[in-house]
Amino acid sequence: MIAFLAGFLLDLLIGDPHWLYHPVRLIGNLIAALDHRLLDVTGIRNEKKERRAGILLVTVVLLATGAVSGLLLWGAYAIAPVAGCILESIMTYQILATKCLKVESMKVYERLRADDLAGARNAVAMIVGRDTQNLDAAGVAKAAVETAENTSDGVIAPMICLAIGGPVLGFLYKAVNTMDSMVGYKNERYLNFGRTAAKLDDVVNYIPARISAALMIAAAYGPGKQFSGKDALRIFKRDRYNHASPNSAQTEAACAGALHLRLAGDASYFGKIVKKPFIGDDLRPVEAEDIVRVNVLLYRSAVIGEILCLLALLVVTLF
């Protein structure tokens, strides 16, 4: 419980500085190496074989991630309880991404405030998957606000995994999330190969995405006239399935309602327009200040989630 709280506080204070090598990069390197080995080297271009190769990818990545994180933690605690607690705190901190999400979106905000549209486009391109080169200022701000969906997979979902199974389960979650982000695409290369990773990501995020939305709705009931808990709940109920993914629109719908915005809609990916339904009501235009507001909701949701997890851990410890 000490490590769980210490890691959360470290995340809020330090975030993910670029000079510090992040363990998730190692997971990403393993995924990239297996991707190349299983598809390019073998030359597999058969639906069944590609799916089997995708299952192998998921299996190897999860086994390697669980084994390495588990052995490191076991070794540290074997040396001394204090050493174990310190390592567990550091691992917990590296699994969470609260400050990182804020820092990256605020880079977009700062460029917009400086009337640097080109810089804002480049900054938002680092945190979204769509084409950004033709977005106007409102479009850039809207894209940054829509990263509210990352509240779930960047903060609340890994937090829940940490509370249940410590850093080992936390890193296993990050491995699933990273595989989905790297190979979970419905294109010619990954449609079959990445299917297992994408489906697994949908499954493991199903409950956390809805918990994240509930926390964001609760956060919207907090102080500030710019937030509406009532509308966050209303839009969540109405629009939470307005996305191809069963999970992505959950927090985005809560955010759209809380800020009285209309999000989502058609977007360009790799030069092609993808038709998407809207989320929320078009009550006012999106503005740069909405990036700041969504970060307030992010931090409130994270703090509420941390408190609830700590209470749950306390109850389990006492009883």
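Which residues line the largest cavity? The model is predicted; local features need pLDDT of at least 70, side-chain atom pairs count only at pLDDT 80 or more, and totals for chains, interfaces and linings use all residues. Residues are numbered from 1 along each chain as its sequence is written, and side-chain values use heavy atoms, with hydrogens and water left out.

The largest cavity is lined by Asp 231, Arg 234, Ile 235, Ala 256, Gly 257, His 260, Leu 261, Asp 281 and Leu 283. A cavity is a set of points, on a 1 Å grid over the protein atoms alone, where a 1.4 Å probe fits but cannot get out; lining residues have an atom within 4 Å of a point. One cavity of 30 Å³ or more is found in the whole structure. The largest cavity holds about 30 Å³ of space. Volume is the space filled by probe spheres set on the points, which are joined across faces, edges and corners. Helices α10 (229-239) and α11 (248-259) each supply at least two lining residues. The most come from α10, with three. Helices are DSSP runs (H or I, at least four residues), as are strands (E, at least two), numbered from the N terminus. The cavity lining has four nonpolar, two polar and three charged residues. Nonpolar covers Ala, Val, Leu, Ile, Met, Phe, Trp, Tyr, Cys and Pro; charged covers Asp, Glu, Lys and Arg; the others, Gly among them, are polar.

The second largest pocket (an open set with protein on both sides within 12 Å along at least five of seven lines) contains about 380 Å³. Among its 20 lining residues, Leu 135, Gly 139, Lys 142, Ala 264 and Asp 266 are the closest to its centre. Two or more lining residues come from each of α7 (137-145), β1 (262-264) and β2 (267-269). The most come from α7, with three. This pocket lining has eight nonpolar, four polar and eight charged residues.
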